Amino acid sequence: MNSGKILCFGELLLHFAPDSEGKWLNEQSLKIFVGGAEYNVASALAQWQNPVKLLSALPENFVGNQLKIQLQNKGIEILAEKSNGRIGTFYLSSDGDMQNASVVYDRFPSVFTQSDFSQFNFDEIFSEVKWLHISTITPALSEKAYRKCLDLMSEAAKRNITVSLDLNYRSALWQGRNPSELIRKMMPFISVLMGNIWSIQQFMEIPIEYELNGNFDDENLLKQAEKSALEIQKQFPNVEMVANTFRFTMSEKVNYYATLFTDQLLVSEQYQSDKIEERVGSGDSFMAALIHGKIKGNSSQQILDDATKVAFRKLFVKGDTIDESINIEKL
């Protein structure tokens, strides 16, 4: 493994996972997972023995202190902007109908959305760092978070640090705002991009031009993936890799595969299952595996194959992050 740390910037969340029938109220018992898109990526990378830093915000109380210890025990170096306030949370049951399970967010205000991110300078943040990863959830949270994303990306580019972006679209976070203008300002700094053809359309205003039939085996999905990637590279030549994940669910069944475009479109194996166990964290696991494979210098096809396997297997692991059952070196 090459030396150098991977820096992730994003909000740390608590995921409350009540049972779907409401027994948790009578039993006074509730499963809690630590989550957040960038944390999920950092956690997987640390489990695969990569040196990782997480820039985030924590409350100045015992909850923040215990979370910091938890991250350190996972091998994650935490740079925590400390302030009075609360940690963001969300509620999502981890049983029942995974397709129609509803998410309830309770993350405004939080220590992250209220932070001005001024407690650490660039030399502290980027010490020993060779890769910066952010998702589009982070710039949606506050104007200051968006500014910090831009500043971090710009500084990373000056320091010859690779930058990756996950095009996570959450309509509730953008609250009717058009994210395209904001996200496109980030694109000149991005080398590795992950999303899907729909998030590319949403964030990049690159339209879906092929008629799609809504099925996972539609050949036009691959044609559109290639067309979208080519258009991204035309507009932003600095983008080296564009990954697309395709997850189709019908009732409890799932079909999953992915593509990776560098100078040609690569396609993964297709995976199918009659049921999944967890909705959260699959895309973050894919992103972590993408970063891991790129840092190791693996071929583009191996990077894609490993990331797809990891992401599919995460659908059967409860909680927001992978566990020791997913070892990328033994896939």
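Helices (H or I, at least four residues) and strands (E, at least two) are taken as DSSP runs and numbered from the N terminus. The structure is a predicted model, in which local features need pLDDT of at least 70 and side-chain atom pairs count only at pLDDT 80 or more, while totals for chains, interfaces and linings use all residues. Residues are numbered from 1 along each chain as its sequence is written, and side-chain values use heavy atoms, with hydrogens and water left out.

The chain contains 13 helices and 14 strands. Its radius of gyration is 19 Å, close to the 20 Å that the globule rule gives for 331 residues, so the chain is as compact as a globular protein of that length. Here the radius of gyration is taken over C-alpha atoms, and the globule rule is 2.2 Å times the number of residues to the power 0.38. The C-alpha trace spans about 50 × 50 × 45 Å along its principal axes. Of the contacts in the chain with a separation of 6 or more, 71% are accounted for by residues 24 or more positions apart; contact means heavy atoms within 4.5 Å.

Buried residues make up 54% of the 331 residues, where buried means under 20% relative accessible area, exposed over 50%, and partly exposed in between (1.4 Å probe, protein chains only). The accessible surface of the chain comes to about 14500 Å², and carbon and sulfur atoms contribute 44% of this area. Accessible areas come from the Shrake-Rupley method with a 1.4 Å probe; for residues, only the protein chains shown count as cover. The chain carries 33 positive and 42 negative charges, whose mean positions are 3 Å apart. In this count Lys and Arg are positive and Asp and Glu negative, whereas His and the chain ends are not counted; each charge is placed at NZ of Lys, CZ of Arg, CG of Asp or CD of Glu.

Strand β8 (residues 129–135) is mostly covered, with six of its seven residues buried. Two strands pair if DSSP finds at least two bridges between them. Strand β1 (residues 5–9) runs parallel to β8 and is joined to it by four bridges; within this pairing, H133 of β8 is the bridge partner of C8. Strand β9 (residues 162–166) also runs parallel to β8, and five bridges join these two strands. In that pairing, L132 stands opposite V163 of β9.

Helix α2 (residues 37–47) is likewise mostly covered, ten of its eleven residues being buried. Among the buried residues are E38, Y39, N40 and L45. After α2 comes Q49, which has a positive phi near 70° although the residue is not glycine. Q49 lies in the loop between α2 and β4 (52–59) and is exposed, with a relative accessible area of 65%.

A positive phi, near 55°, is also found at F117, again a residue other than glycine. F117 belongs to the loop between α4 and α5 (122–125); in contrast to Q49, which is exposed, F117 counts as buried at 3% relative accessibility. The peptide bond that joins F108 and P109 is cis, with omega of about -10°. P109 is placed in the loop between β7 (104–106) and α4 (111–114).

In helix α11 (residues 219–235) lies N220, which counts as buried at 18% relative accessibility. With residues up to four places away in sequence not counted, N220 touches Y210, E211 and L212.
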